[in-house]
Amino acid sequence: MTARVPAIATLAAMGALALATARAQAGAAPDSGRLTLLRAACASGGLIAVQSDGHERLTRRPRVDGDGVAIPLSHGRPALVTVGAIAPAERRIPWAKVDRIDALRTHAALGFAAGALIGGAIMAATLSATGPDLAESGDGGMVFLGVTFTAMTAGAGAMLGATHPHRQPLYP
């Protein structure tokens, strides 16, 4: 039992050191090479998640520079009649407050394809087991049911794929 206490204490100290290192890296501004890669990833047009101060902000095309991250707040005009050019409003987050930045990618297309294949296979098995050849008259209802069921399973697969995005860490 006494041999376990130093091992547990060592593991706890290593965990605390790793957490402190991660927090120290999160507040530091990225170097020029990492900043260039971060700019390219943010300019790609995909959904970007910026976490800071316990909040997560989802945006497309945030502006990244040496001072921090600028998140656009609105793309529309503030009024029907405006005079002059309107500067887009943005929220600036300094690097010291940025906890992490992730690129989000959904799997909606993969879910759609999987749902369509599964639904098509189920309906093909059902049609082959239940009735006459598709070319015969009176079988239009089963074909309609097969197409509808396949479309519904494809839609369900796309929704499931879109609701669980893959997070690719960009910073720290």
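Predicted model: local features only at pLDDT ≥ 70, side-chain atom pairs only at ≥ 80, totals over all residues.

Me: How is a pair of packed helices described?

Reply: Two packed helices are described by the angle between their axes and by the distance between those axes. In this structure, helix H3 (residues 108-130) packs with helix H4 (residues 140-163) at an angle of about 155°, and their axes are 6 Å apart. That angle is over 145 degrees, which makes H3 roughly antiparallel to H4. The crossing in which H3 passes H4 is right-handed.

Me: Which residues of H3 and H4 meet, and how many of them are nonpolar, polar or charged?

Reply: On the H3 side the residues include Ala108, Gly111, Phe112, Gly115, Gly119 and Met123. On the H4 side, Met142, Leu145, Gly146, Phe149, Thr153 and Gly157 are among them. By class, the contact of H3 with H4 holds 12 nonpolar and 11 polar residues, and no charged ones.

Me: Let us turn to the strands. What is the general idea for their side chains?

Reply: In a regular strand, side chains alternate between the two faces of the sheet.

Me: Which strands are joined to S6, and by how many bridges?

Reply: Strand S1 (residues 47-52) is joined to strand S6 (residues 98-105) by six bridges, and the two run antiparallel. Within this pairing, Gln51 stands opposite Arg100 in S6. S6 is also joined to strand S7 (residues 166-171), by five bridges and again antiparallel. Here Ala103 has Gln168 in S7 as its bridge partner.

Me: What is the order of the strands in the open sheet of three strands, and which stand at the edges?

Reply: The order is S3-S4-S5, with antiparallel pairing. Strand S3 (63-64) and strand S5 (90-94) are at the edges; each has a single partner strand, so one side of each lacks a neighbour in the sheet. Five bridges connect strand S4 (residues 68-72) with S5, and Gly68 stands opposite Pro94 in S5.

Me: How is a pair of aromatic rings read?

Reply: Such a pair is described by the distance of the ring centres and the angle of the planes. A search of the whole structure finds one aromatic pair. The rings of Trp95 and Tyr171 have centres 4.8 Å apart and planes at 55°, so the pair counts as tilted.

Me: Where do Trp95 and Tyr171 lie?

Reply: Trp95 is in the loop between S5 and S6, while Tyr171 is in strand S7, so the pair ties together parts 76 residues apart in sequence.

Definitions and conventions
Residues numbered from 1 in each chain as written. Heavy atoms only, no water. Axes fitted to C-alpha atoms, helices over the stretch in contact; angles between N-to-C directions. Helix = DSSP H or I, 4+ residues; strand = E, 2+ residues; numbered from the N terminus. Parallel < 35°, antiparallel > 145°, perpendicular 65-115°, else oblique. Left-handed = near helix turned anticlockwise from the far one by under 90°. Contact = heavy atoms within 4.5 Å. Nonpolar A, V, L, I, M, F, W, Y, C, P; charged D, E, K, R; others polar. Pairing = 2+ DSSP bridges. Phe/Tyr/Trp six-rings, centres within 6.5 Å; stacked < 30°, edge-to-face > 60°.
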